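Subject: Structure for you to look at

Hello,

Here is the structure I promised to pass on. Please open it and keep it beside you while you read my notes.

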Amino acid sequence: MSGPPGVGIMVCAGCGQVTPWTPWDRCSQECFDMPRATPQEQQAAIEAAPAAYAYFMSHAPGEEIDEGLT
Ligand SMILES: [Zn+2]
């Protein structure tokens, strides 16, 4: 057995695209903001939103974001 396949990618739960892995099951802030299937998932998404927002801001493709310079 070698390593598991598909490490570093995932299928986005928002748009369904194969995308670089994120901790949020979504490829982007836009997809993260999509309505969730259940109230529980919706609540979890709301609670995770600040951390997810920070993640997507710092990982946005093609965007250089100044950070840590507050
Ligand atoms: Zn997506």
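Buried residues make up 13% of the 70 residues in the chain. A residue counts as buried if 20 or more other C-beta atoms lie within 10 Å of its own, as exposed if 12 or fewer do, and as partly exposed in between; the C-beta atoms are placed from the backbone.

Keep in mind that this is a predicted model: local features need pLDDT of at least 70, side-chain atom pairs count only at pLDDT 80 or more, and totals for chains, interfaces and linings use all residues. Residues are numbered from 1 along each chain as its sequence is written.

How confident is the prediction? The chain averages a pLDDT of 85, where pLDDT is the predictor's confidence in each residue, from 0 to 100. Of the residues, 77% score at least 70. Among the elements, α1 has the highest mean pLDDT (96) and β2 the lowest (92). Where pLDDT is low, the predicted coordinates should not be read in detail.

Now the layout. The chain has two helices and two strands. From the N terminus, the order is β-β-α-α. Helices (H or I, at least four residues) and strands (E, at least two) are DSSP runs, numbered from the N terminus. Of the contacts between residues at least 6 apart in sequence, 21% join residues at least 24 apart. Two residues are in contact if their C-beta atoms, placed from the backbone, lie within 7 Å.

Start with Cys12. It sits in the loop between β1 (9-11) and β2. Is Cys12 buried or exposed? Cys12 is buried, because 20 other C-beta atoms lie within 10 Å. Leaving out residues up to four places away in sequence, Cys12 touches Gln17, Thr19, Arg26, Cys27 and Cys31. Cys12 and Asp25 are 13 residues apart in sequence, with their C-alpha atoms 5.7 Å apart.

Asp25 belongs to the loop between β2 and α1. Asp25 has 16 C-beta neighbours inside 10 Å, so it counts as partly exposed. Look at its backbone too. Asp25 is not a glycine, yet its phi is positive, about 70°. Most residues other than glycine have a negative phi.

Trp21 is in the loop between β2 (18-20) and α1 (29-32). Trp21 counts as exposed because it has 12 C-beta neighbours inside 10 Å. Beyond its neighbours within four places in sequence, Trp21 is in contact with Gly8, Ile9 and Met10. Trp21 and Ile9 are 12 residues apart in sequence and 4.4 Å apart in space, C-alpha to C-alpha.

Next, helix α2. Two of its 21 residues are buried, so α2 lies largely in the open. Where is the kink in α2 (residues 39-59)? The kink, of about 55°, lies at Ala49, shortly before the proline Pro50. The bend at a residue is the angle between axes fitted to the seven residues ending there and the seven starting there.

Two residues of α2 are worth a look. Ala45 lies in α2 and is partly exposed, with 18 other C-beta atoms within 10 Å. Ala45 touches Phe32 and Arg36, not counting residues up to four places away in sequence. His59 is also in α2. His59 is partly exposed, with 14 other C-beta atoms within 10 Å. His59 and Thr22 are 37 residues apart along the chain, and their C-alpha atoms are 9.3 Å apart.

Best wishes
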